[in-house]
Amino acid sequence: MSIINNINKLFDHRIRLGIMSVLMVNEYADFNMLKELLGATDGNLASHTKALEKAEYIKVEKQFIGRKPNTRYSTTKLGRAAFKKHIDALEAIIKKQK
Amino acid sequence: MKSKDYLKDISEIKNMMNKSSRFISLSGLSGILAGVYALIGAAIAYSLVISYSYGRLTLDGWVFETCLFILFMVAFLSILTGIFLTTRKAKKDGSKIWDSTSRRLVFNFLVPLAVGGLYILIILSQGKYGQSGGLMLIFYGLALVNASKYSIGDIQYLGYIQIILGLIGAWKPGYGFWLWVLGFGIMHIVYGTWMHFKYDRN
């Protein structure tokens, strides 16, 4: 199998790549934190988190902090494994082309 | 696909991981000033002890109380300067001063430091003050090592140096004062200068 097969199409987008990067090193992140870090609009971010949620790479928890609704995200085991594989593939390709 | 895109992806991943988990707007200048305050404080305390207490510090009396007061002033001024300069730098960097990264940094820094501070106050109240210089260095060093995971990784080395100085101080309590001067004064200045030139000047 060639390494190019390990490149995950789902991570081939700046926002989705960013979401996963943030969640890999944080226990969880809420919607606003992701929005600020990635500089995305509400709708844009929502559609990308939905895509990752659908693939079961991230978990979504909705809760209330006081009276404000708060949505927070965290990675799933599947998501972590997929992202690691993706990074390994990126590194392997870069090494090969050097 | 081109490798250039992949390289960009990798650097984007690294950038996001750092930005979301580390607070890096610490100011090197505040380290230098903290060291200067420590040296001034130590000089005043030293001259007091030499001229009014015959070179020996006893737990009762105004000289000891003044030394404690100087110590608190040094800590207070250092914290104030640190907050002021770090806020200024964060503004310049365009990052928020009080977000999840700085909250985590402060919390992880304060836990070992507060425990150490309370422990030192307790043993001081029991009349055992010989170890306090070394203990301050040890707990401060542990706080730095702990905090380095949430900030510029380099501060862990300052932490290790403080811990080693503190252990030497525990072993040779007679040098406690001079080790304190070396750790809190000189090392802060050296380290702050290094950080200033490495991170601040661009």
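**Chain contacts, cores and helices**

Visitor: How many residues of chain B are in contact with chain A, and with how many there?
Guide: 13 residues of chain B are in contact with 17 residues of chain A. Keep in mind that this is a predicted model.

Visitor: Which helix gives the most to the side of chain B that touches chain A?
Guide: Helix α1 of chain B, residues 3-21, with 12 residues.

Visitor: And what's that side made of, by class?
Guide: On the side of chain B that touches chain A there are six nonpolar, four polar and three charged residues.

Visitor: Switching to cores. Which residues touch the most other members in the largest nonpolar core?
Guide: Leu137(B), Phe139(B), Ala143(B) and Trp180(B) do, in a core of 30 residues.

Visitor: Which elements give two or more residues to this core?
Guide: They belong to chain B: α2 (28-52), α4 (100-125), α5 (132-147), α6 (155-171) and α7 (176-200). The most comes from α5(B), which gives 10 residues.

Visitor: What other core lies apart from the largest one?
Guide: One of 20 residues. Phe11(A), Ala29(A), Leu52(A) and Ile87(A) are among them.

Visitor: Back to helices. How do the axes of α2(B) and α3(B) cross?
Guide: They cross at roughly 170° and come within 9 Å. Helix α3 of chain B covers residues 62-93.

Visitor: Roughly parallel or roughly antiparallel, and why?
Guide: Angles over 145 degrees count as roughly antiparallel. The axes cross at roughly 170°, so α2(B) and α3(B) are roughly antiparallel to each other.

Visitor: Which classes of residue make up the contact of α2(B) with α3(B)?
Guide: 18 nonpolar and seven polar residues. That contact has no charged residues.

Visitor: OK, chain A. How many helices and strands?
Guide: Chain A has four helices and three strands. Along the sequence the pattern is α-β-α-α-β-β-α.

Visitor: What does the C-alpha trace of chain A span?
Guide: About 55 × 25 × 20 Å along its principal axes.

Visitor: What share of chain A counts as buried?
Guide: 28% of the 98 residues of chain A.

Visitor: And among contacts in chain A between residues at least 6 apart in sequence, what share join residues at least 24 apart?
Guide: 55% of those contacts do.

Definitions and conventions. Residues numbered from 1 in each chain as written. Chains lettered and ligands numbered in written order. Predicted model: local features only at pLDDT ≥ 70, side-chain atom pairs only at ≥ 80, totals over all residues. Core = buried A, V, L, I, M, F, W, Y, C linked by C-beta atoms within 7 Å. Buried ≥ 20, exposed ≤ 12 C-beta atoms within 10 Å, placed from the backbone. Contact = placed C-beta atoms within 7 Å. Nonpolar A, V, L, I, M, F, W, Y, C, P; charged D, E, K, R; others polar. Axes fitted to C-alpha atoms, helices over the stretch in contact; angles between N-to-C directions. Parallel < 35°, antiparallel > 145°, perpendicular 65-115°, else oblique.
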